[in-house]
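Please look through the sequence and the model shown here before reading on. The paragraphs that follow move from the whole chain to a few of its elements.

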Amino acid sequence: MRRRHFLRYLAALPGVLLSPALVFGGTGIPVPSARRHARTPLIKVIGIGNAGVNVLRRLHAMNPRGVELIFTDTDARALHGTPVRNRLLLGSELTGGRGAGHDPSLGHDVAILERRTINWVITGADMVIIIAVLGGGTGTGVAPVIAAIAQERGIPVTVVVSLPPPFASKRFMMNAEHGLAQLSQITDDLHVFPFESVLPRNYGKMRLIELFQRVDAVLCDTALRECSKAV
Ligand SMILES: Nc1nc2c(ncn2[C@@H]2O[C@H](COP(=O)(O)OP(=O)(O)OP(=O)(O)O)[C@@H](O)[C@H]2O)c(=O)[nH]1
Ligand SMILES: [Mg+2]
């Protein structure tokens, strides 16, 4: 190397040593400061009705990061033991805090009445995940209203639901079908698990509580996977 070139090389050395490639490593493209400080997306997971709340209890025990859990019901007893500040008891004026009595139209009316509260609860969310087992009054009636409110506000909505067990009453089945049809008109991101699809063949010999727990575990894992995809 000629002396003149060598001196130029020495003069440029501090710049080389401080170049983005060496400071940040890899490609040499500096990470834009806005990205380095960007906040992680906030996901709000809403478990609705007795089953939805039970799935959320399971999720809560896993302590997922960047996720806010909202335990939602019209039945005060079903919310017992859930974290107080994440609890959303809806429509006590209509239900007396005793649930929607397997009547989705009552669940729907409650959600409409509580529209402002729901709006407030989902504020700040980058994504909303709704969990329920369809068939009852609260999960089936409230879930489509919350999904529609989030959708109207431009918040992406993922729905994770199971259908009732085959031995549930015809009324539950019809409720579930109706609720599912409503949900599918609101969002494409719909994860539906027919009850039997997540159980072993010999599930007839299992206790009901065990069956519910298996279904809950599948809904919980699905919601967790959706959360990690979004973060
Ligand atoms: N997987 C699972 N299913 C449940 C559980 N509890 C009830 N179910 C089933 O889920 C369906 C809906 O029931 P609930 O969640 O109790 O209904 P809800 O949404 O609370 O509605 P209301 O009680 O009528 O206000 C029914 O088919 C039940 O058999 C649970 O803990 N886990
Ligand atoms: Mg209930």
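Two residues are counted as in contact if their C-beta atoms, placed from the backbone, lie within 7 Å. Helices (H or I, at least four residues) and strands (E, at least two) are DSSP runs, numbered from the N terminus. This is a predicted model, in which local features need pLDDT of at least 70 and side-chain atom pairs count only at pLDDT 80 or more, while totals for chains, interfaces and linings use all residues. Residues are numbered from 1 along each chain as its sequence is written, and chains are lettered from A and ligands numbered from 1 in the order in which they are written.

The protein has ten helices and six strands. Among its contacts between residues at least 6 apart in sequence, 71% join residues at least 24 apart. Of the 231 residues, 38% count as buried, a term that requires 20 or more other C-beta atoms within 10 Å of a residue's own, whereas 12 or fewer make a residue exposed and the range in between makes it partly exposed.

Helix α4 covers residues 49-62, and its 14 residues should span 20 Å at 1.5 Å a residue, which agrees with the 20 Å between its end C-alpha atoms; the expected span is 1.5 Å times one less than the number of residues. The buried residues of α4 are G49, N50, A51, G52, V53, N54, V55, L56 and L59, and what covers them includes the strands β1 (43-48), β2 (67-73) and β4 (127-133) as well as the helices α8 and α10 (208-230). Just after α4, N63 takes a positive phi of about 50°.

Helix α8 (residues 138-152) also packs with helix α7 (residues 115-122), at an angle of about 60° and with the axes 10 Å apart. That angle makes α7 oblique to α8, because angles under 35 degrees count as roughly parallel, over 145 as roughly antiparallel, 65 to 115 as roughly perpendicular and the rest as oblique. Here axes are lines fitted to C-alpha atoms, for helices over the stretch in contact, and angles run from 0 to 180 degrees between N-to-C directions. From α7, the contact is made by R115, I118, N119 and I122, and from α8 by I146, I149 and A150.

Finally, L94 is found in helix α5 (residues 92-95). L94 is partly exposed, because 15 other C-beta atoms lie within 10 Å. Not counting residues up to four places away in sequence, L94 touches L106, D109, V110 and L113. The C-alpha atoms of L94 and D109, 15 residues apart along the chain, are separated by 8.6 Å.
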